[in-house]
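User: I am new to protein structures and would like a close look at one part of this one: the aromatic pairs. Could you walk me through them and show me how they sit in the rest of the chain?

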Amino acid sequence: MVPGGVAAQSLESLGFRPFFAEPSGSMKVELRPVVRPDDALLDGQPAFGSGRIAEVWLIAPTTRYDHAALGDAVEAGGLLLRLRDGSERRLVLPEDHVFEDLHPRLADLDRDGEDEIIVVRASLDGGAVLTLYGLVDDELRLLAEGPRHLQRHRWLNPIGAADFDGDGTVEVAYVETPHIGGILRIVSLQDGQLVEEASLAGFSNHVIGTRELGLSAILDFDEDGLPEIFLPSARRRSLRVLRYSDGEIRLLGRGLYDAQIIGDFRLEDLDGNGMDEVIFQLDDGLEVRLYR
């Protein structure tokens, strides 16, 4: 059920054509030549920007935080920013903090034409918090933090950033505690803080102990100019399609499965009709492709 008591539609009713098959033998990838920093997080991946910021890397591996939500005891202790002019900026966290993440994300949250860096930070004494970093006086600095709800050894996983409700403000969506009844939260940058606009419980976008952080997608499936969120339920046996508008997160539709959703989601135009499909795997070995 959705808020207000209206039953959610099936994915077919929303215009999707689900197809179940063996995982694809090939997929669309984008290759970019990069020089990996010597102190980069071992399997961390960079964020690529199209403006002044060219690359952002997680660096300075450390074992000082004993959570291992992402499968090992190694987290990042800093950020490396590479600018388009070839210069670099570094930020190293204090000894009581780590970046409990595998890749940063870039989005222009303040609409000044320059991207900010979205990354999950955790403290040794407290839980994870969503943070925003950027250039201030040409130095890499903390710009804003999100709401602090979590205790030590509690984590959150970002979904991504978009103007979900069409109000001209870019929001960030993330799932708090995705392993224990996860809460979808929508925040935006307001007066130097990431302020919550809406929340809804009952979701997960990560399998504990794994390195895949992308169990979700953002896609304007009905092409009305407003992107929707594709997100598994807390048990990962259902895919939910959600819309954020008028300060409320609404469930538009759902698909139910006999196996659990695992692995990163992909958006790819498999049939060449100009519209991306949503593609993800189940733990029974099958791949789900949602054609439009």
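**Aromatic pairs and their surroundings**

Analyst: Happy to! Of the 292 residues of the protein chain in this predicted model, 51% count as buried. The chain has 22 strands and zero helices. Its radius of gyration is 19 Å, close to the 19 Å given by the globule rule for 292 residues, so the chain is as compact as a globular protein of that length. The C-alpha trace spans about 50 × 40 × 35 Å along its principal axes.

Now for the rings. Searching the whole structure turns up eight aromatic pairs. One of them joins Phe 20 and Tyr 257, with 6.1 Å from centre to centre and 65 degrees between the planes, an edge-to-face arrangement. Where do Phe 20 and Tyr 257 lie? Phe 20 is in strand β2 (residues 17-21), while Tyr 257 is in the loop between β19 (248-256) and β20 (261-268), so this pair ties together parts that are 237 residues apart in sequence.

Are the two partners buried or exposed? Phe 20 is partly exposed, with a relative accessible area of 41%, whereas Tyr 257 is buried, at 10%. Buried here means under 20% relative accessible area. Ring pairs also link Phe 20 and Tyr 257 with Phe 265 and Phe 280 into a cluster.

Let us turn to another pair, Phe 99 and Tyr 133. Their ring centres are 5.6 Å apart and their planes stand at 80 degrees, so this pair is edge-to-face. Phe 99 belongs to strand β7 (residues 97-99) and Tyr 133 to strand β10 (residues 128-136), so the pair ties together parts that are 34 residues apart in sequence. Both Phe 99 and Tyr 133 are buried.

What surrounds this second pair? The largest nonpolar core has 39 residues, and those touching the most other members are Leu 79, Leu 81, Phe 99, Leu 109, Leu 130 and Tyr 133.

Among contacts between residues at least 6 apart in sequence, 51% join residues at least 24 apart. The accessible surface comes to about 13000 Å², and 48% of this belongs to carbon and sulfur atoms.

How values were computed:
Residues are numbered from 1 along each chain as its sequence is written. This is a predicted model: local features need pLDDT of at least 70, side-chain atom pairs count only at pLDDT 80 or more; totals for chains, interfaces and linings use all residues. Side-chain values use heavy atoms; hydrogens and water are left out. Rings of Phe, Tyr and Trp (its six-membered ring) pair if their centres lie within 6.5 Å; planes under 30 degrees apart count as stacked, over 60 as edge-to-face and the rest as tilted. Helices (H or I, at least four residues) and strands (E, at least two) are DSSP runs, numbered from the N terminus. Buried means under 20% relative accessible area, exposed over 50%, partly exposed in between (1.4 Å probe, protein chains only). A nonpolar core is a set of buried Ala, Val, Leu, Ile, Met, Phe, Trp, Tyr and Cys residues joined through side-chain atoms within 4.5 Å. The radius of gyration is taken over C-alpha atoms; the globule rule is 2.2 Å times the number of residues to the power 0.38. Contact means heavy atoms within 4.5 Å. Accessible areas come from the Shrake-Rupley method with a 1.4 Å probe; for residues, only the protein chains shown count as cover.
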